[in-house]
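This report covers a predicted model.

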Amino acid sequence: MKNIWRHIKEWVKHHSRGVRIATKVALTPIFIILLLFVITSVSAVYDFGQPKPFSGEAIYNPYADVDTTYGWKRGNLHTHTRVEGVFNECDESPARVYEEYMKYGYDFVQFSNHNEITPHPQGGDKGISLYEHGFNLLKFHINVYGSSQTTLFDHALPIFDFQRQYQIDMLSKDAIMVQFNHPQRVPGVDRKSLERIGGYRLMELTRDIKKENREWDWALSAGHYSFGLHNDDLHDFKKSKNIAIRSTVINAPSTSAEDITEALYEGRFYALYTPDFGNGDMSVKVEKNLTVPYIEEIGMRGDTIYVSFTESADSIKFTGQNQRLLHCAYNCDKAYYAMGKEDSYARITAYFADGERIYSNPFARYDNELMESPFENRQHSVNTPLTILFNLVLLALLAGIGVAIYRVYFKW
């Protein structure tokens, strides 16, 4: 045994220069990753309030300004295309993607490439200033509307709710509104997270229709009001299951960037799910998409919500606090629900015979003497001492990594 150990020491001594070089090479990517994580972890730390359901005498009606003479316009607001940079998530040009959507009866398409504002192929006033923020490993992504430029800063590993809140607050400063993308696909974002995080105006609804948009209801039940929309999050339209499945249908006089943005900001839209008609037969898919059901009327009379559709639905469901079923009507093209004093909010889901589903934005209670809408129900604030402490810890970690780098590369 002693002879073996002696031989090992002699080998290390003889090959010490090679060992040091190999060790430095091996440690280089580790140091880079550690530096990346620490530097991009900078954040404010927040105090999050307890869940506070909507309450008050007034009921917020997102469809108060719907004008039926405008009609409804169907579109997609989360679309990827080929870009000039290296982070391409789609091989097709914006013009080609736009052309493909038009086949299915769409009225507008907006492009949300990662950290890049994409010019609209139709030019003029058609393109919203829109991009999807985030390259992080956990897919915490935010659609940013109306920003003058993209924001590059992102947490490489946003594992804390306060980091996610910091991203939303940061991006909201130079934007008309922000959209919380696919929360169900973000590791670590659970009910507790959605009861805490707020400040977004739009939430992208779940792809899994079996879960009935539970993430949206978790947030709404905690008092975080948002409008819900559907998007394909398109990356490849050659697969029929990727395109013309989830869409947003707005009430607006035109499909100009200004009119689309205004309709989204005010909530004059609904989410539409359509199955993959034809199961790969594109001609069937196109034909069926041209005859999907639409909302005919929606709004409130007093405390009563009303809705009617262009065709009869198998069922029309009203959902409230904690996903409680408030009312359900069967085999009809219209339905009504009178909100009781105990109802914090109510939203509509309509199920149709061919598998289509329509989701309305929520009608929610609020105190109109204290606020203009339930959006003002802000429930987080910066904790200054913890913010300073957290970032000092990051600074200490950064210094420790710097010392280790110095010793490995300059002293060893």
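## Sheet, helices and cores

The model contains an open sheet of five strands with mixed pairing, in the order 5-6-7-8-9. Strand 5 (130-133) and strand 9 (227-229) are its edges; each has a single partner strand, so one side of each lacks a neighbour in the sheet. From one strand to the next, the twist averages 25°. Strand 9 runs parallel to strand 8 (residues 202-204), and three bridges join the two. Within this pair, L202 has F227 in strand 9 as its bridge partner.

Helix 7 (residues 257-266) lies across strand 6 (142-145), strand 7 (177-180), strand 8 and strand 9. The angle between helix 7 and strand 9 is about 125°.

Helix 4 covers residues 161-172. At 1.5 Å a residue, its 12 residues should span 16 Å, and the end C-alpha atoms are 17 Å apart, which agrees. Helix 4 is largely enclosed by the rest of the structure, because 10 of its 12 residues are buried.

| Core | Size | Residues named |
|---|---|---|
| Largest nonpolar core | 49 residues | L77, Y145, Y200, I250 and L264 (most contacts inside it) |
| Second, separate core | 28 residues | including W72, I295, I298 and C332 |

What does I250 touch, leaving aside residues up to four places away in sequence? The residues are G71, W72, K73, F108, I260, A263, L264, R268 and F269.

Conventions. Residues are numbered from 1 along each chain as its sequence is written. This is a predicted model: local features need pLDDT of at least 70, side-chain atom pairs count only at pLDDT 80 or more; totals for chains, interfaces and linings use all residues. Side-chain values use heavy atoms; hydrogens and water are left out. A nonpolar core is a set of buried Ala, Val, Leu, Ile, Met, Phe, Trp, Tyr and Cys residues joined through side-chain atoms within 4.5 Å. Buried means under 20% relative accessible area, exposed over 50%, partly exposed in between (1.4 Å probe, protein chains only). Contact means heavy atoms within 4.5 Å. Two strands pair if DSSP finds at least two bridges between them. Helices (H or I, at least four residues) and strands (E, at least two) are DSSP runs, numbered from the N terminus. Axes are lines fitted to C-alpha atoms, for helices over the stretch in contact, and angles run from 0 to 180 degrees between N-to-C directions. The expected span of a helix is 1.5 Å times one less than its number of residues.
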